[in-house]
Amino acid sequence: MSFFGSASSNEANPVVVLPPGAHRFAGGFLVGPAIRVGQDFCLCQGQSIFNDPDLASTARDSGPAAAWQQAFAQHGAMAPSHVSGRFAVLLVQPAAQRVFMATDRFATWPMCYAQDQGVLHVSHRADTVPLPGRRLSMQALFDYLYHHCIPAPRTVFEGVLRLRAGHVDRKSVV
């Protein structure tokens, strides 16, 4: 399973060639298990275990993406604190011009992103973030040679960040 794409609220008529299995929303696309409720769009990966009985019921009846949408509606950025398991979730809310990204405490399902000119580019790998003009980061290469790893949120590419393990990030897409 993978997800990638771009989200923007200021593109008049974007021309996007969708990959097979992609889901389109205003200004972008996503690939993976997803649900759309109204204008909001939720994509999730992994195994989300909802601790709240209402959320668990929604997950059983309508799937984990619907339960994630309900969790964010009820708890906002604290939604992942009501979920255990290994997961990554992306919630796009075009009307509010924001995107929520969250990952479990081990970042089992990595999420990399870059924001460029009001467009949020997202992927499961740093090298597949659809960011034009991507360049290697000299600091990241130094970190790798000296520490034998590149600690999050930095990646090997300038301007491409990795969501830290156990974190929620809210981005405005203007």
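Let's start with the order of elements: from the N terminus, this protein runs β-β-β-β-β-α-α-β-β-β-β-α-β-β. That gives 3 helices and 11 strands. Keep in mind that this is a predicted model.

Two overall figures. The protein has 174 residues, and 40% of them count as buried.

Next, strand 7, residues 98-103.

Which strands pair with strand 7? On one hand there is strand 6, residues 83-93. That pairing is antiparallel, with 6 bridges. Strand 6 and strand 7 form a hairpin, with 4 residues between the strands. Look at Gln97 in that hairpin. Its phi is positive, near 55 degrees.

Strand 7 also pairs with strand 11, residues 168-172. Again the sense is antiparallel, this time over 5 bridges. Here Met101 stands opposite Asp169 of strand 11.

Now its neighbours. Arg86 then touches Gln45, Gly46, Gln47 and Ser48, among others. Its contacts also include Asp104, Phe106, Thr108 and Trp109. Take Ser48. It sits 38 residues from Arg86 along the chain, yet the two C-alpha atoms are separated by 6.2 Å.

Now the helices. Helix 1 covers residues 53-62, and helix 2 covers residues 64-75. Their axes come within 7 Å and cross at roughly 150 degrees. Angles over 145 degrees count as roughly antiparallel, so that is how helix 1 and helix 2 are arranged. The crossing is right-handed.

Who makes the contact? From helix 1, we have Asp54, Leu55, Thr58, Ala59 and Ser62. From helix 2, we have Pro64, Ala66, Ala67, Gln70, Ala71 and Gln74. What is the make-up of this contact? There are 6 nonpolar residues, 4 polar and 1 charged.

To recap. Helix 1 and helix 2 are roughly antiparallel, with a right-handed crossing. Thanks, that's all.

Notes
Residues are numbered from 1 along each chain as its sequence is written. This is a predicted model: local features need pLDDT of at least 70, side-chain atom pairs count only at pLDDT 80 or more; totals for chains, interfaces and linings use all residues. Side-chain values use heavy atoms; hydrogens and water are left out. Two strands pair if DSSP finds at least two bridges between them. Helices (H or I, at least four residues) and strands (E, at least two) are DSSP runs, numbered from the N terminus. Axes are lines fitted to C-alpha atoms, for helices over the stretch in contact, and angles run from 0 to 180 degrees between N-to-C directions. Angles under 35 degrees count as roughly parallel, over 145 as roughly antiparallel, 65 to 115 as roughly perpendicular and the rest as oblique. A crossing is left-handed if the near helix is turned anticlockwise from the far one by less than a right angle, and right-handed if clockwise. Contact means heavy atoms within 4.5 Å. Ala, Val, Leu, Ile, Met, Phe, Trp, Tyr, Cys and Pro count as nonpolar, Asp, Glu, Lys and Arg as charged, and the others, Gly among them, as polar. Buried means under 20% relative accessible area, exposed over 50%, partly exposed in between (1.4 Å probe, protein chains only). Lists of a residue's contacts leave out its neighbours within four places in sequence.
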